[in-house]
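Please read them with the sequence and the model side by side.

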Amino acid sequence: MFDPQQVSKKRKLANASHHATRIKAMVTELMASPEKDQIDTVTVQEVQCGDPACAPIDTLITVYWNEGSGFGETQRGIPLEMSQVEKSDVEAVVPMLLPDYQEDEPLED
């Protein structure tokens, strides 16, 4: 039997997959060598935040580095849904995804 809710769910999943792929491509495109060559996997997902001070949904980008790099993983959130993330948003977080990023470093404008 045809279930319109199932169709809607499938469309949402396809849309999320499209945006995750788009954001992953931006991350790897914006990452410079030699760091780019040390990436094992990039994942992108939406996460809900229960803190009233943050956006209700963040896009979480996680970079898993090659085992031999000694970096493990790095991650940053963008306070937008994946469908709203633009290249400028990704450009702003890529420096913070680098393994040697220090929390107290000022970001360049």
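1. A term first: a residue is called buried under 20% relative accessible area, exposed over 50%, and partly exposed in between, using a 1.4 Å probe and protein chains only. The model is a predicted one, in which local features need pLDDT of at least 70 and side-chain atom pairs count only at pLDDT 80 or more, while totals for chains, interfaces and linings use all residues. Residues are numbered from 1 along each chain as its sequence is written, and side-chain values use heavy atoms, with hydrogens and water left out.

2. The disulfide. A disulfide is taken to be a pair of cysteine sulfur atoms within 2.5 Å. Searching the whole structure gives one disulfide. The bond links C49 and C54, with an S to S distance of 1.8 Å. Its torsion about the S-S bond is about -120°, so this disulfide is left-handed. C49 is partly exposed at 29% relative accessible area, and C54 is partly exposed as well, at 24%.

3. The sheet. Helices (H or I, at least four residues) and strands (E, at least two) are DSSP runs, numbered from the N terminus. Two strands are said to pair if DSSP finds at least two bridges between them. Three strands form an open sheet in the order β1-β2-β3, with antiparallel pairing. β1 and β3 are the edge strands, each pairing on one side only. From one strand to the next the twist averages 20°. Angles such as this run from 0 to 180 degrees between N-to-C directions, and axes are lines fitted to C-alpha atoms, for helices over the stretch in contact.

4. Pairing in detail. Strands of a sheet pair through backbone hydrogen bonds, either parallel or antiparallel. β1 and β2 are joined by nine bridges in the antiparallel sense, and Q48 stands opposite I57 of β2. Between β2 and β3 (residues 73-78) the antiparallel pairing runs over six bridges. I61 has R76 in β3 as its bridge partner, and V63 has T74 in β3.

5. How enclosed is strand β2 by the rest of the structure? Strand β2 covers residues 57-65, and seven of its nine residues are buried, so the strand is largely enclosed.

6. Helix α2. This helix spans residues 87-97, and V90, V93, V94, M96 and L97 in it are buried. These residues cover an arc of only 160° around the axis, which puts them on the same side of α2. The arc is that of the directions from the helix axis to the C-beta atoms. An α-helix has 3.6 residues a turn, so residues three or four places apart point the same way.

7. The aromatic pair. Rings of Phe, Tyr and Trp (its six-membered ring) pair if their centres lie within 6.5 Å; planes under 30 degrees apart count as stacked, over 60 as edge-to-face and the rest as tilted. This rule gives a count of one aromatic pair. The ring centres of W65 and F71 are 5.9 Å apart and their planes stand at 80°, so the pair is edge-to-face. W65 is buried, at 5% relative accessible area, whereas F71 is partly exposed at 37%.

8. The loop between α1 and β1. Here contact means heavy atoms within 4.5 Å. E35 is found in this loop, which lies between α1 (4-30) and β1 (39-48). Neighbours within four places in sequence aside, E35 is in contact with W65, L98 and P99. E35 and W65 are 30 residues apart in sequence, with 8.7 Å between their C-alpha atoms.

9. Not counting residues up to four places away in sequence, K36 touches T28, E29 and M31.

10. H19 belongs to helix α1 and is buried, at 12% relative accessible area.
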